[in-house]
Amino acid sequence: MRVHLVSDVHGAVEPLRRAGQEADALICLGDLLCFLDYFDYEAGVFGSLFGPEAVARLVQLRTAGRFEQARDWSRSLWAGLPDARAAMDEAIDGQYAELFAAMPTPTYATYGNVDIPDRWDKHAHSGVRILDGKVVEIGGLRFGFVGGGLPTPMRTPYEISEDAYAAKVEALGPVDVLCAHIPPAVPELTYDVLARRLERGSSALYDAIVEHQPALMFFGHVHQPLAGRYRIGRSECINVGHFARTKVPYVLDL
Ligand SMILES: [Mn+2]
């Protein structure tokens, strides 16, 4: 059985379709939406609504770590639209409709921090199983899924508290393969060498790996990690992203 894993899709519809066509099953670890494309200022929700110059300014502020000013700038852009909420909803629903239509049957998906969970049911077809704090059997192995991210100054759409996140991890119990959007809290896995900062990793995931020693742990979230894989005891931890740029899935043969 050939399983393809992707994470951090960020609007890459056609590569997602191809990744699904060549596999017996697709696992998607979140961050489907593209709000802001750091490489293409015309892409994403911001690019389409506000244009490349406004996006360039936003990227510049965020890259400089000036998150307060970035938020002010973003707020002023939204305030300039006649109906900001409707424009945002339309852009998000448009992206989700295309992305979910590109997913094969079966797809196993969990949320990233750049996702809006309450929109997924509306767009996911019957071959997509949405899993967050849930275990499912794939090819005779137990796969556990934990979605979302932890709080950051960026305030991305789906960030939950450390306690709520830990509860979801705990609920899985022992699994053969642990899947999450964010990595376990290991500096080699959470440091982004291009952004030059540590992204949020989860100590609850780390503790669960130490306790249960799953054979594999898959995640994404960190786009340019210091290390793409890392061993914790018997567990091999692998970053399967950043699909939006690589356009190549991670291949798992079961
Ligand atoms: Mn992410």
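Author: Helix α7 passes α9 in a right-handed crossing. The model is predicted, so local features need pLDDT of at least 70 and side-chain atom pairs count only at pLDDT 80 or more, while totals for chains, interfaces and linings use all residues. Residues are numbered from 1 along each chain as its sequence is written.

Reader: What makes the crossing of α7 and α9 right-handed?

Author: A crossing is right-handed if the near helix is turned clockwise from the far one by less than a right angle, and left-handed if anticlockwise. The crossing of α7 with α9 falls in the right-handed class. Helices here are DSSP runs of H or I with at least four residues, strands are runs of E with at least two, and both are numbered from the N terminus.

Reader: How do you know whether α7 is roughly parallel or roughly antiparallel to α9?

Author: Axes are lines fitted to C-alpha atoms, for helices over the stretch in contact, and angles run from 0 to 180 degrees between N-to-C directions. The axes of α7 (residues 162-172) and α9 come within 9 Å and cross at roughly 25°. Angles under 35 degrees count as roughly parallel, over 145 as roughly antiparallel, 65 to 115 as roughly perpendicular and the rest as oblique. Therefore α7 is roughly parallel to α9.

Reader: Which residues of α7 and α9 meet?

Author: Y165, A166 and V169 of α7 meet A204, L205 and A208 of α9. Contact requires C-beta atoms, placed from the backbone, within 7 Å of each other. Helix α9 (residues 203-212) also lies across β7 (177-180), β10 (216-219), β11 and β12, and runs at about 175° to β7.

Reader: Why are β5 and β11 called edge strands?

Author: Two strands pair if DSSP finds at least two bridges between them. Six strands form an open sheet with mixed pairing, in the order β5-β6-β7-β10-β12-β11. β5 (134-138) and β11 (229-232) each have a single partner strand, so one side of each has no neighbour in the sheet. From one strand to the next the twist averages 20°.

Reader: How do you know that β11 pairs with β12?

Author: Four bridges join β11 to β12 (residues 235-239), and the two run antiparallel. One of the residues bridged is Y230, whose partner in β12 is C237. The definition asks for at least two bridges, so β11 and β12 count as a pair.

Reader: What makes L16, A19 and G20 of α1 buried residues on the same side?

Author: A residue is buried if 20 or more other C-beta atoms lie within 10 Å of its own, exposed if 12 or fewer, and partly exposed in between, with C-beta atoms placed from the backbone. L16, A19 and G20 are the buried residues of α1 (residues 13-21). They cover an arc of only 95° around the axis, which puts them on the same side of α1. That arc is taken from the directions from the helix axis to the C-beta atoms. E14 and Q21 are exposed on the other side. The buried residues of α1 pack against β1 (2-6), β2 (25-28), α5 (84-101) and β3 (107-109).

Reader: Why is D31 called buried, and why is K247 called partly exposed?

Author: D31 has 28 other C-beta atoms within 10 Å, so D31 is buried. K247 has 15 C-beta neighbours inside 10 Å, so K247 counts as partly exposed. D31 lies in the loop between β2 and α2 (44-50). K247 is in the loop between α10 and β13 (250-253).

Reader: What is the phi of D31?

Author: Phi of D31 is near 60°, and phi of K247 is near 60°. Most residues other than glycine have a negative phi, and most peptide bonds are trans. The bond from T105 to P106 is cis, with omega near 0°.

Key
Two residues are in contact if their C-beta atoms, placed from the backbone, lie within 7 Å.
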